[in-house]
Amino acid sequence: MEKIVALCKRRGFVFQSSEIYGGINGFWDYGPAGAELKRNIKDAWWNDVVRSRTDVVGLDASIIMHPKVWEASGHVTGFRDPMVECMKCKGRWRADQVWDEIAGSKWFESLSRQAMPKPESGSVSYDAQHLLKWAVHDGKHLAPELALVRDPQLTLSWLSEREQKQAGKSLSLPEFLSCLATSQASQTGLQTPCPVCGAALTEPRQFNLMFETHTGALRDESSKTYLRPETAQGIFANFLNVLSVSRQKVPFGIAQIGKAFRNEINPRNFTFRSREFEQMELEFFIKPGTDAEWHQRWVEERLKWYESIGLPKEKLSQYVYKKEELAHYASACVDVMFEFPFGVQELEGIAARGNFDLSQHQKFSGKSMEYFDDESKEKYIPHVVEPSAGVDRIALALLCSAYDEETTTDEKGQTETRVVMRFAPRIAPVKVAVFPLLRNKPVLVEKAKEVFKLLQRHFTTEWDDRGNIGKRYRYQDEQGTPWCVTIDFDTLGEKGPELKDTVTLRDRDTMKQERVKIADLVPLISQKLRG
Ligand code: ATP
């Protein structure tokens, strides 16, 4: 992952937000290549979900909406994560993620390597002497606030007491680690250790993830508004408007792309969990009773779409929610998962949400959300299937799967490592780069500018005349540019008329070069782009 993060900075995909001021946690900026990449993802989605269908229309709703919207949607009371805080270093984690954090922490790694044999079948065996040795050496630096490190004798004695009470049954791993974090068990009960310093964590507290702000000059309860935590509610709140102006009938969908904000307790894994991100959401309104069928159709559509933008099938999977995991109003939910270097994680959720959202808005606004079905002559509040995807997570998945390193050997037999981003051409930030062989030969530059202008009208094209050709290729490979065009002396006809007005077209993946007529470039690249 470090290599991908470094490349993102080096090649202008992603920068830390406000980097010159030391950065701000959970916010990211997209550089020239990243901005193009994101735009291509959004264009591909908009094209495939809205423009190439007849049953979906678009919307662009405001970020700040009437606060009642968030009461109706349940976000004011329900959009909370239980959060735990370290009593010493004040680090914060989502309670449901804290054990993963501990498992990945430096102190746990060192402790399990030095003082515990591998936990078998979820239980732990340990050697008190090894624990003691770890506590007075590495533990002192890695987890200085762990009870075992602060007072090893006391912790070890009550650990063995506890084991005896268990009548020979060994402790589970969380239980064992909690024992190491607890010095006054009788007063505090078992405590969970901080993944950073080992001190005890607080009990879980509810933490609302919505960013609050105020509209207007007064800053009191009555002016309180929120930065939207999802784009979906803008769609539900506009259901009647869109229905009245579009020529749509149920089943039909409303799609929207836009920013969403969540005050995540612990932003992490690069851009994967951010506090500001972009969503691409579709609310597909359907007749009650057709939920399962439409849900299945959208799951299939969406999985195909991920392959169409170049994510490898073998890295994509589905997580099907069990009945007990579903929200009370939902009849089905499937997450599209991707195998990131840091684990298999969600890219998109596709939920069959019944008529919960429209019913809630009917209740809170007093406006009827009923739809009259011309064909069946029935009135009903439409049900909805919601495919909800995150642009930033898709961009990260593409960056991770595109990254490749290969060893190349040049004509002199020297080997070097080539880093290449193997984006599908459809999604690559720049489609074609144009180089004059030499930047100090005005005739070459002039001809290359002509070619550049020609290509620029059709594709995202980049001009590069810095350094030698080899360096320019390396730069474009790291940016994932599928094709490079070089204008050389042959183009000017210096080797004879048959090569006049031809250029070299170099392929990123095969590194092969072919001689192509300038007049053929546009149709040829267009054809390659279509695949
Ligand atoms: P998670 O469980 O990972 O927090 P979620 O299930 O709460 O995600 P949804 O509310 O279903 O996410 O949002 C739909 C999509 O929006 C997600 O699949 C994801 O792609 C994107 N998304 C949600 N939260 C974030 C975030 N903090 N940073 C980046 N993308 C996000």
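Predicted model: local features only at pLDDT ≥ 70, side-chain atom pairs only at ≥ 80, totals over all residues.
For the classes used below, Ala, Val, Leu, Ile, Met, Phe, Trp, Tyr, Cys and Pro are counted as nonpolar, Asp, Glu, Lys and Arg as charged, and the others, Gly among them, as polar. Residues are numbered from 1 along each chain as its sequence is written, and side-chain values use heavy atoms, with hydrogens and water left out.

Pockets and cavities were located on a 1 Å grid over the protein atoms alone, a cavity being a set of points where a 1.4 Å probe fits but cannot get out, and a pocket an open set with protein on both sides within 12 Å along at least five of seven lines; lining residues have an atom within 4 Å of a point. Grid points are joined across faces, edges and corners, and a volume is the space filled by probe spheres set on the points. Helices (H or I, at least four residues) and strands (E, at least two) are DSSP runs, numbered from the N terminus.

The largest pocket has a volume of about 1600 Å³. Its lining comprises 50 residues, of which F79, R262, Y321, D335 and E346 are the closest to the centre. Two or more lining residues come from each of α4 (75–78), β4 (80–85), β12, β14 (332–340), β15, β18 and α17 (391–402), and β15 gives the most, with six residues. By class, this lining divides into 18 nonpolar, 13 polar and 19 charged residues.

The ligand sits in this largest pocket, a placement that requires more than half of its atoms to lie within 2 Å of the grid points. Around the ligand are 16 residues, with E264, R273, S274, E346 and L347 the closest; a residue is counted as near if one of its heavy atoms lies within 4 Å of the molecule. The elements that give two or more residues to this shell are β12 (276–286), β15 (343–352) and β18 (383–390), and the largest share, four residues, comes from β15. The shell contains four nonpolar, five polar and seven charged residues.

Polar contacts are pairs of N or O atoms within 3.5 Å; within protein, one must be able to donate a hydrogen and the other to accept it, and residues adjacent in sequence count only if both atoms are side-chain atoms. A nitrogen atom of the ligand lies 2.8 Å from a backbone N or O atom of S274, and a polar backbone atom of L347 is 2.8 Å from an oxygen atom of the ligand. In the side chain of R393, an N or O atom is 3.0 Å from an oxygen atom of the ligand. Of the 590 Å² of accessible area that the ligand has on its own, the protein covers 81% (Shrake-Rupley method with a 1.4 Å probe; for residues, only the protein chains shown count as cover).

The second largest pocket holds about 420 Å³ of space and is lined by 16 residues, with D410, E411, E416, G470 and R474 nearest its centre. At least two lining residues are supplied by each of β19 (403–409), β20 (415–421) and α19 (469–479), and α19 gives the most, with four residues. This lining has two nonpolar, seven polar and seven charged residues.
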